[in-house]
Amino acid sequence: YRRKISTFGTILLNQDCTKVILCQDYNSKSWTFPAGKVNQHENGIDAGARETYEETGFDPNCNFGLTQQFREKAVASGEGDGQLPWKQLREDYALRFTEDKIGKLRTCYVCHGVPEDFPFAPVARKEVSDVE
């Protein structure tokens, strides 16, 4: 049953869309996009952003960690229009697919403009071994 629960995550792309962030599963050789299951009373976009933050340290919706500080700085400084190089996750930027073998539905929200020099590192323990 647990293997069939839908997951939500994010495809993090640099500005040129030439590089993507992947996470190495804990104690595994597998690399995947940051993703996980929805918590009770949580929608898919919030789950995707939360799981991405837990596994990479990057929150595309700027509610946690360094990205929250980046957003606050951009707004306070008034530089340009106060916008960050990436946008919050949106339903119309979602890719949905079903894994053939087990029938699990996966939803990944595309987020581009992610700074390549961001200090990516897992926040949650024992979920991800490495982020590249």
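Here is a walk through this protein, from its overall build to one of its sheets. The model is predicted, so local features need pLDDT of at least 70, side-chain atom pairs count only at pLDDT 80 or more, and totals for chains, interfaces and linings use all residues. Residues are numbered from 1 along each chain as its sequence is written, and side-chain values use heavy atoms, with hydrogens and water left out.

Let's start with the parts list: the protein has 2 helices and 7 strands (DSSP runs of H or I, at least four residues, for helices, and of E, at least two, for strands, numbered from the N terminus). From the N terminus on, they come in the order β-β-β-β-α-α-β-β-β. The radius of gyration is 15 Å, close to the 14 Å from the globule rule for 132 residues, so the protein is as compact as a globular protein of that length. That radius is taken over C-alpha atoms, and the rule is 2.2 Å times the number of residues to the power 0.38.

What share of the 132 residues is buried? It's 39%, where buried means under 20% relative accessible area with a 1.4 Å probe, protein chains only.

Now zoom in on a sheet. Three strands form an open sheet in the order E3-E2-E7, with antiparallel pairing; two strands pair if DSSP finds at least two bridges between them. Strand E3 (31-32) and strand E7 (128-131) are at the edges with a single partner strand each, so one side of each has no neighbour in the sheet. Strand E2 (residues 23-25) pairs with E7 over 3 bridges, and Asp25 has Val128 in E7 as its bridge partner.

Conventions:
Buried < 20%, exposed > 50% of the residue type's maximum accessible area, 1.4 Å probe, protein only.
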